[in-house]
Amino acid sequence: MHVLSMSILLAWSSTSFAELVVNNNSATSSANESSASLNWSANDVSQFMEDDDSLEVSPQGSTSVTTTLRGGGTATITSSATPQKSLQIRDTSGYSSQPSVNARAALVMDAQTGEVLYSKNSNMSVPIASITKVMTAVVTADARLNMSEEVTLQMIDFAGAGGKNSSSTLRAGDTMNRAELLLFALMKSENPAAAALARTYPGGRSAFIAAMNAKAKQLGMTSTHYAESTGLDPHNVSSARDLGILVSAASQYGLIRQFSTTPTYDFNLGYRVLKSNNTNALVRNGGWNINLSKTGYINEAGRCVVMHTTVNSRPAVVVLLGAPSSQSRTNDATNLLNWLSSLPKRV
């Protein structure tokens, strides 16, 4: 029995989430299910969509999600057509009393207007570690694959990249569906899960990497290059500016928002349960309205984090690259969020 033992059938198009249709009969029957399984009641599913209007565009993302609930019944999200909008970044950062950060590069950007509110070395191309997995999730979503398809992890998924070993609580032979792989990759940053997503992509790993770089080019990420899907390879490089564009685009996919901000989850693989926590302390602890999150670390990249958040009614992207430690990264992020909350409220 799988944790995401939901028959997730994704119909993909270039339209937006707009209408939520839920079979309310499933709400009561799933209310008493164990937290070790993904039980989406009517209320749970309604929270799948944020109430922020800025988050309702889903370019080439899931626009019809049918989930079989553990307690019976289904919940369906459908949508109406809205074209993807291209984000034009405008560097107009000029606010006084800007905070200092220890990270090597940083960006705070209004996710709706593209206005840069804070910038530090934002055009410098650097290794990005597991921030790579945001693009891995976008390419997986764009592929229109069956998310309930079973995938068995292979030894090659644990080989790592860039000469690095892939540390993991997963094992070769573990079997889960594609949705579980995506949740593992986004919330817990499991490298074998991200590797398996690339391996099982139509055309295999090389086609997946080509799709990653093609998507970066499509989005206007001019300082970005991907060599593989996990982030272990330091040849995966980008800039804070480019990642601002990516996070703004990725936040338009409901599934990526949902999975990347899951604070904790017990993955039931049938023969063992893996208790897992989100890698971002700010997500685990709550207190901020974080819509999307991803952390990253390899020696070459330092401690990194990207977030899409809403502060004072302003949808914003926060990017930090190359912090010297996890605590420094959390402190930098907290300082930037506190500073962002002090700016005039958006109307």
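This is a short tour of a predicted model, stop by stop, with something to select at each one.

Local features here need pLDDT of at least 70 and side-chain atom pairs count only at pLDDT 80 or more, while totals for chains, interfaces and linings use all residues. Residues are numbered from 1 along each chain as its sequence is written, and side-chain values use heavy atoms, with hydrogens and water left out.

**Stop 1: salt bridges**

The structure has 8 salt bridges (a side-chain nitrogen of Lys or Arg within 4 Å of a carboxyl oxygen of Asp or Glu). Start by selecting D142 and K215, whose closest N and O atoms are 3.0 Å apart. This pair links distant parts of the chain, 73 residues apart: D142 sits in helix α3 (residues 132–142) and K215 in helix α6 (residues 204–219). Helices (H or I, at least four residues) and strands (E, at least two) are DSSP runs, numbered from the N terminus. Both D142 and K215 are buried; buried means under 20% relative accessible area, exposed over 50%, and partly exposed in between (1.4 Å probe, protein chains only).

Next, pick R272 and D174, a salt bridge at 2.4 Å, N to O. Here too distant parts of the chain are linked, 98 residues apart: R272 is in the loop between β11 (264–268) and β12 (273–277), and D174 is in the loop between β8 (150–152) and β9 (175–177). R272 counts as buried because its relative accessibility is 14%. What is the relative accessibility of D174? D174 is at 2%, so D174 counts as buried as well.

Then select K188 and E190, which form a salt bridge at 2.9 Å, N to O. E190 has a relative accessible area of 2% and is therefore buried.

**Stop 2: two crossing helices**

Show helix α5 (residues 191–199) together with α6: their axes come within 7 Å and cross at roughly 100°. Axes are lines fitted to C-alpha atoms, for helices over the stretch in contact, and angles run from 0 to 180 degrees between N-to-C directions. The two helices, α5 and α6, are therefore roughly perpendicular to each other (65 to 115 degrees; under 35 would be roughly parallel, over 145 roughly antiparallel, and the rest oblique).

Which residues of α5 and α6 meet? Select L197, A198 and R199 in α5, then G204, R205 and F208 in α6. Contact means heavy atoms within 4.5 Å. The residues of this contact divide into 3 nonpolar, 1 polar and 2 charged (Ala, Val, Leu, Ile, Met, Phe, Trp, Tyr, Cys and Pro count as nonpolar, Asp, Glu, Lys and Arg as charged, and the others, Gly among them, as polar).

**Stop 3: the sheet**

Now colour the open sheet of 5 strands, ordered β6-β5-β15-β14-β13 with antiparallel pairing. Two strands pair if DSSP finds at least two bridges between them. At the edges are β6 (116–120) and β13 (290–298), each pairing on one side only. Zoom in on β5 (residues 105–110), joined to antiparallel β6 by 4 bridges; M109 stands opposite V116 in β6.

**Stop 4: W288**

Finish at W288, in the loop between α9 (281–285) and β13. With a relative accessible area of 25%, W288 is partly exposed. Not counting residues up to four places away in sequence, W288 touches L282, V311, L337 and N338. Select T334 too: W288 and T334 are 46 residues apart in sequence and 9.4 Å apart in space, C-alpha to C-alpha.
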